[in-house]
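This briefing covers charged side chains and how they pair. The structure comes next, followed by notes grouped by topic.

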Amino acid sequence: MTLADRVDPAESGPKARAEYGPDGGEFSGITSETPIVDWTDVFIRFNLDPNVFEVVDDTVRCSTWQQSKRLENGERDVVNLYSYRALFRRRTTHHDLPALYASARRKPAKRFVPSRSGKTSVPVLADLQIGKVGSRGGTPELIDRMVEKREKLAAELKRRKPEDIVLPDINDLFENFESGGNPMFTNDLSLAQQMDVAAVEVYELVKLASRFGRVRIPVVPSNHTAWRRGSQNLGRPGDDLGIFVHKQVERTAKAAKLDAEWIFPAMYDETVTVDVRGTILGLAHGNQFRPKRAPDWWAKQTHGAQPVGEADILITGHYHHLMVWPTGRNPRTGRSKWWLQAPTLDNGSDWYRNIAGDDSDPGLLLFDITDNGFDLQSLTVL
């Protein structure tokens, strides 16, 4: 029996209402002679797809009463009636992640013998924002994009033959739901799923890089992966959920005996540095300053004796587009300092494009550091 069969139109038709938008709404005045345990017929009644929307269980409110009803033989009987009010929402998309990754794998991995090239290659992971849905798609499209980037990276590292790898993560590894950004709740993964996919993506990159030698992975906190309520931080910088994901991957990498070392900031720091062949590489997510103000911020870090102030190269993300900017000079080496603003790997920031008219192509920044410092000629975007 469907809802249409058990609801008396004379009693519930004019009262039954559904107010809704793209992400959900509210039912009210839904009357039935039996308790409603399946809301499929209610959705269909209002031309809503029950495969797209779902009732939020803890919002269901029900009242009941008895009423006289005329039977087919002309006699009357007392029946129970139930009236419902409930909120409903668009269902969270559940992707079959193992199947997606299985379909994404193109070829088996091959192990290479580390070279003596005198260089360290630095592929920069920045702003994946896993779970975000935009004009470039959702999670399936992001996974396909990362498979493509890994294939290009493998080919390029095979050509360059580095002695070792530094794999910085500028973070915003996943989208989260409390990033302080706009719009909210357009994700296609739950927070747990976002962290799960993030762990797999990081591990796949570390596993790939380890084929070419020792890997060091410096990581910094970021605004999207912070423990927050809206724009309000709830914990210390080191409580960042992106860093938490990396620590889980670190355990997996150790169990797999990968030659990989993670470098995390101190609990109350938002930056980290790593020595690469005598060149100090510094990382900051980029939410600490306004666009194009990194040189000023960096100079003040030097004046304040902060670790990143000693960096020869500062890598940031957050602003989603490539920028290469020489700024300052190391007084000990005489070499120029460089600010490298990394491109994004995400599905697009359409809200920003609509406001500012600006957009950026996704890409994986890659460059080399030699014994002579930053090799500008080696810089490319995959």
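Buried means under 20% relative accessible area, exposed over 50%, and partly exposed in between (1.4 Å probe, protein chains only). This is a predicted model, in which local features need pLDDT of at least 70 and side-chain atom pairs count only at pLDDT 80 or more, while totals for chains, interfaces and linings use all residues. Residues are numbered from 1 along each chain as its sequence is written, and side-chain values use heavy atoms, with hydrogens and water left out.

**Salt bridges between strands**
- The whole structure holds 19 salt bridges, each a side-chain nitrogen of Lys or Arg within 4 Å of a carboxyl oxygen of Asp or Glu.
- Arg214 pairs with Glu261, with closest N and O atoms 2.7 Å apart.
- This pair joins strand β9 (residues 214-218) to strand β12 (residues 260-263), across 47 residues; strands are DSSP runs of E with at least two residues, and helices are runs of H or I with at least four, numbered from the N terminus.
- Arg214 is partly exposed at 36% relative accessibility, and Glu261 is partly exposed at 36%.

- Arg159 and Glu156 form a salt bridge with a closest N and O separation of 2.4 Å.
- The two lie three residues apart in helix α5 (residues 139-160), about one helical turn.
- Arg159 is exposed at 56%, whereas Glu156 is buried at 15%.
- A network of salt bridges links Lys119, Glu156, Arg159, Arg160 and Asp368.

- Asp312 sits in the loop between α8 (294-303) and β15 (313-316).
- Asp312 is buried without a salt bridge, and the nearest side chain of opposite charge, Lys337, is 5.5 Å away; Lys and Arg count as positive and Asp and Glu as negative, with His and the chain ends not counted.
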